[in-house]
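Here is a short report on aromatic pairs and helix packing. Start by looking over the structure.

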Amino acid sequence: KQWYQRRVAITAGSDGWDRTSQITSLAMLLLDPYYRTLQGFEVLIEKEWLSFGHQFQARHCHGTQDITTDYSPIFMQFLDCVWQITQHYPYSFQFNKYLLTFIAQHLYSCLYGTFLYDSERLRRENEVKTKTQSLWSYVNSFSTEFLNPLYKERKVCILPMISMRTIRLWRENWMAYHPFYRFQDPLFERLMELVHLREKIQSNCDELRARHQTTVKIAVSS
């Protein structure tokens, strides 16, 4: 009701960078279709998690082998929630499940500097932007791998299905390193083949169109 009546809601937590970020980012994802696009989802994480001061290093024990009392996979819970929603609305998200798995994997790998340290100040003091590569640089460079070919833009809010019967196991993430589990998605692979084929045909058409225009210009000038 709050959503449809255009009321303002204020969220507050003890610190403001854990449960608050979870609630606000999920609410924005449901309410605003922009955050269901690839670029919008990147902006959402940057704005509601990184800029808000979520302590990625403390919560995920980066740089230490010991599990501290500050360890808490708050951000992983958020990614799992997003994955659950994408299963309920498979046509409403421009990005696919591989983006969520990729983010989850490199949240712990520390291969990219995006999720290093506990605040913007620490990332700035340690020159993360100049010394490391951003996770989004890779995502945007190979965006085709993370796009949902079945995406249809819906400029409406979506409602989560909260029944326990709708909750599924995110196998691609939680069972990624299980010795007896090998994830295969032939349907998605076939869709990606068709997407690449479409891009190749489009590129050939553009090239032929350019050649035709050049030929016409030469014929007219002569």
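At what angle do α4 and α5 pack, and how far apart are their axes? The angle is about 170°, and the axes are 10 Å apart. Axes are lines fitted to C-alpha atoms, for helices over the stretch in contact, and angles run from 0 to 180 degrees between N-to-C directions. α4 and α5 are therefore roughly antiparallel (over 145 degrees).

This is a predicted model: local features need pLDDT of at least 70, side-chain atom pairs count only at pLDDT 80 or more, and totals for chains, interfaces and linings use all residues. Residues are numbered from 1 along each chain as its sequence is written, and side-chain values use heavy atoms, without hydrogens and water.

In α4, F75, M76, L79, V82 and W83 make contact with α5 (heavy atoms within 4.5 Å). Their partners in α5 are K97, L100, I103, A104, L107 and Y108. The contact has ten nonpolar residues, no polar ones and one charged.

The whole structure holds 19 aromatic pairs. Rings of Phe, Tyr and Trp (its six-membered ring) pair if their centres lie within 6.5 Å; planes under 30 degrees apart count as stacked, over 60 as edge-to-face and the rest as tilted. Two of the pairs:

| Pair | Centre to centre | Plane angle | Type |
|---|---|---|---|
| F41 and F78 | 6.1 Å | 15° | stacked |
| F56 and F115 | 5.0 Å | 40° | tilted |

F41 lies in helix α2 and F78 in helix α4, so the pair ties together parts 37 residues apart in sequence. F41 is buried at 0% relative accessibility (buried means under 20% relative accessible area, 1.4 Å probe, protein chains only). F78 is also buried, at 0%.

Note on methods. Helices (H or I, at least four residues) and strands (E, at least two) are DSSP runs, numbered from the N terminus. Buried means under 20% relative accessible area, exposed over 50%, partly exposed in between (1.4 Å probe, protein chains only). Angles under 35 degrees count as roughly parallel, over 145 as roughly antiparallel, 65 to 115 as roughly perpendicular and the rest as oblique. Ala, Val, Leu, Ile, Met, Phe, Trp, Tyr, Cys and Pro count as nonpolar, Asp, Glu, Lys and Arg as charged, and the others, Gly among them, as polar.
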